[in-house]
2 protein chains.
Amino acid sequence: MSTNFYLTLVVITQSEKAIMFVLNRIKSSQNILKILTNSAKRQIEVHNSSLLLKKQVDNNLTIKICGESLKFPHVWLRDNCQCEHCFHSTAKSRTIDWTNFNINIVPQNVTEDGKTIEVTWEDGHKSKYGVDWLKFRRFTPDGQKNYTESIYKSKKETWRGDQFQDICSKHDYNEIIQSDEALHNWLEKLSIFGVALIQNTPDNEAAIDKVVEKIGFTRRTHYGVKFVVQHVVNTSNVAYLSNNLQMHIDLPYYEYCPGVNMLHCLVQTQSKGGENLLSDAYYVAEYIKQNHPKEYQLLTETEIEWSDIGVEDGNEFFKLHRAPVICLDMHGEVTRINFSIPQRGSFFPGPLENVQPWYKAHKLFYDLNHKFMARFKTNAGDILTFDNIRLLHGRNAYEDNNSNVRKLIGAYVDWDEIYSRLRCLKVKLKNQSGIY
Amino acid sequence: MSTNFYLTLVVITQSEKAIMFVLNRIKSSQNILKILTNSAKRQIEVHNSSLLLKKQVDNNLTIKICGESLKFPHVWLRDNCQCEHCFHSTAKSRTIDWTNFNINIVPQNVTEDGKTIEVTWEDGHKSKYGVDWLKFRRFTPDGQKNYTESIYKSKKETWRGDQFQDICSKHDYNEIIQSDEALHNWLEKLSIFGVALIQNTPDNEAAIDKVVEKIGFTRRTHYGVKFVVQHVVNTSNVAYLSNNLQMHIDLPYYEYCPGVNMLHCLVQTQSKGGENLLSDAYYVAEYIKQNHPKEYQLLTETEIEWSDIGVEDGNEFFKLHRAPVICLDMHGEVTRINFSIPQRGSFFPGPLENVQPWYKAHKLFYDLNHKFMARFKTNAGDILTFDNIRLLHGRNAYEDNNSNVRKLIGAYVDWDEIYSRLRCLKVKLKNQSGIY
């Protein structure tokens, strides 16, 4: 994508003396025909007088791109110099030695050639920046929102069980293996809605590996690199029983909890039951926030100790992790759900007076997830993929018989790897300049 | 460990009627010879009158263990019933169906036999609890502190570079492989101080695997299951160059950042340089909190975008993660450090006015980590193990020659696995009852 930008450079420096120096350099330069000097001068004066009123220094370079005045801090520009001394192009990494880095550096001269801005700093160092690159990093709310949603992470959309058939997209196994578009489409839907179904998977235990390899690699846990969900008598995990499996997330006792759960249905039960239960606990969290603020506070502020103690393949484990049921980030947005009746530990790491109110809030959370859950049954050949730290999942009781033993192969993949693959695919498919 | 407890049971229920019912049951029981009925009755009356004053219900069972009155909430006791219907002993998991769980349930009768408390609930269900088990889960500040530090996680101790020789414990490779005590000692020191040195490691690339297997397994990243640190010309990572490597944490662009870094020195450089630099950034965080509160706020509240873009073994990656330099948990305790000059992304996800102040705080953090760092040089046969999300590490420039090519083998292990192994070892070595 190539764009013609209309550019105006406005340099704001730390003192009037410096400003006049820069203005004189701008006026005398042959390289800046597109710069409207008078306009720039007027704007500088306006900025400067307002600065004097505020009795503080504006440490930004103002650049007009497509008619919009965009400010870029001097220190940020210097720190992100893209020249070969300051930036390693193969490692795509900053190589500036910060020992002597001057955070108060100011530009002495600024030029542009329509696509590139060149800044000469007071110590003589020269930095170049692509206009697309700068525009993509603009410090405006719309710019930051655009970058965030197009590159960082797509915005999630929550749902209720009665909307499940509409939001659960279906994807073909072979298309995902063969096509970047299909792979992107699956991962994008999975990141937005927290669930997506892959169909027509070959009938073998290794089939899921090919899907994982399109992303990167599995997330290993103490249950192994992959796991088999099948009825086991002396089990270290209640998921390996055939009775009702109440809705939960997997492995809440991991601080670094596996991000996505992939369950390949090799054999589905012919008996009654064996249905999947799925609930978007982010939806439930929103609902509780709006309708039960006191319970929301208890579920977001009361730490619970999640627990798993046992032996798998001869290796003992004793996992504990403390976190609320609804975890919030520093902006108050839900970032992870922890929920599991069997794997909620018996130690309650909070004050006595919180216990009864917390249990009331926990029961509300449990009931609302059941109220808003979806219920369906996968078929042999399906891989159900879902966000393990957002959705609760469960299963009805079922009965195996000699000729029909329900069997799933499971694998986890972390969101770090999925978002990484999504960004690589976006770069490849969109061909947008300025991303890096 | 076996202890004789002096026990008094005091039952506080929701109404005077229920209390009298329980009192009558207590009085008539043949199994409660050790219960001082008059004392219990008096205490119940005291509790009850204070409850009436507060106009609220006390939903706790009070049990006197070794002279200390300990309160346990009814709902918590019912939820943590240890009987075979409510708790799966192999999976060590709760199996209660919460669909019909009554959060307001009250006990009808309570008995004890010196080691066990038996509660009969109003619906007739009977629950048993070990006294050790209850005491270990008591809801008092000292009880919670004791459980937390003896089982959950040991308390960290911070240090300055001039204290490094005292706090950096040394461990023998073979002892760690052969002895539970040695393994426990190494991991405990590593968790408390964030650094420990393993010596006398055999001179082969697989030697580190045996250490990892004593814990569990490595944490795989897009750089592989293990990694080689050696000078590489066209690198995807500046760590694979031989010039100065500024202090950093590894992989801050991972939301789930590898917890512990293990670097086995196979060949050390004979040239000048190649020294390790290590700083306890938790100490620096404390120092900034006390001496530079404004900068502390900026470093804990300003999200930065950490970044790694490249290709490794033919696989593209594009990792981004947003988090402050100093990450705090919900109690305001430091929980993770993010820092890396090369892997700090060029997109700044905050408002313009934060940029210049944040850079000033960032420079302070950089300078203080250098001020308080330790400097030393590992030898061939050393495995330097350190907390990757707490310590900054770096390296001086060095020079390879044909007969001396510096070479390290690295592996990551997550704290989830390390704390899990530590708890298993504590259970084994301490032989303390009531843990589970």
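How many bridges join strand S13 of chain A to strand S20 of chain A? This tour of a predicted model starts there; local features need pLDDT of at least 70, side-chain atom pairs count only at pLDDT 80 or more, and totals for chains, interfaces and linings use all residues. Residues are numbered from 1 along each chain as its sequence is written, with chains lettered from A and ligands numbered from 1 in the order in which they are written.

**Stop 1: the sheet.** Select 260-267 (S13) and 383-387 (S20) in chain A: 5 bridges join these antiparallel strands. Strands are DSSP E runs of at least two residues, and helices are H or I runs of at least four, numbered from the N terminus. Find Val260(A), opposite Asp387(A) in S20(A). Now show the open, mixed sheet of 6 strands, S9-S10-S20-S13-S22-S11 (chain A). Strands pair if DSSP finds at least two bridges between them. S9 (169-172) and S11 (226-229) of chain A are the edges.

**Stop 2: the helix on the sheet.** Select H8 (180-193) of chain A, which packs on the sheet and touches S9, S10, S13 and S20 of chain A.

**Stop 3: a loop residue.** Select Val325(A), in the loop between S16 (315-323) and S17 (326-328) of chain A. Val325(A) is buried because 27 other C-beta atoms lie within 10 Å; the cut-off is 20 or more, with C-beta atoms placed from the backbone. Its contacts beyond four places in sequence include Leu299(A), Phe339(A) and Phe365(A). Contact means C-beta atoms, placed from the backbone, within 7 Å.

**Stop 4: the other chain.** Select chain B: 71 of its residues are in contact with 71 residues of chain A. Elements giving two or more residues to that side of chain B include H5 (141-152) and H12 (355-371) of chain B.

Conventions. Contact = placed C-beta atoms within 7 Å. Axes fitted to C-alpha atoms, helices over the stretch in contact; angles between N-to-C directions. Buried ≥ 20, exposed ≤ 12 C-beta atoms within 10 Å, placed from the backbone.
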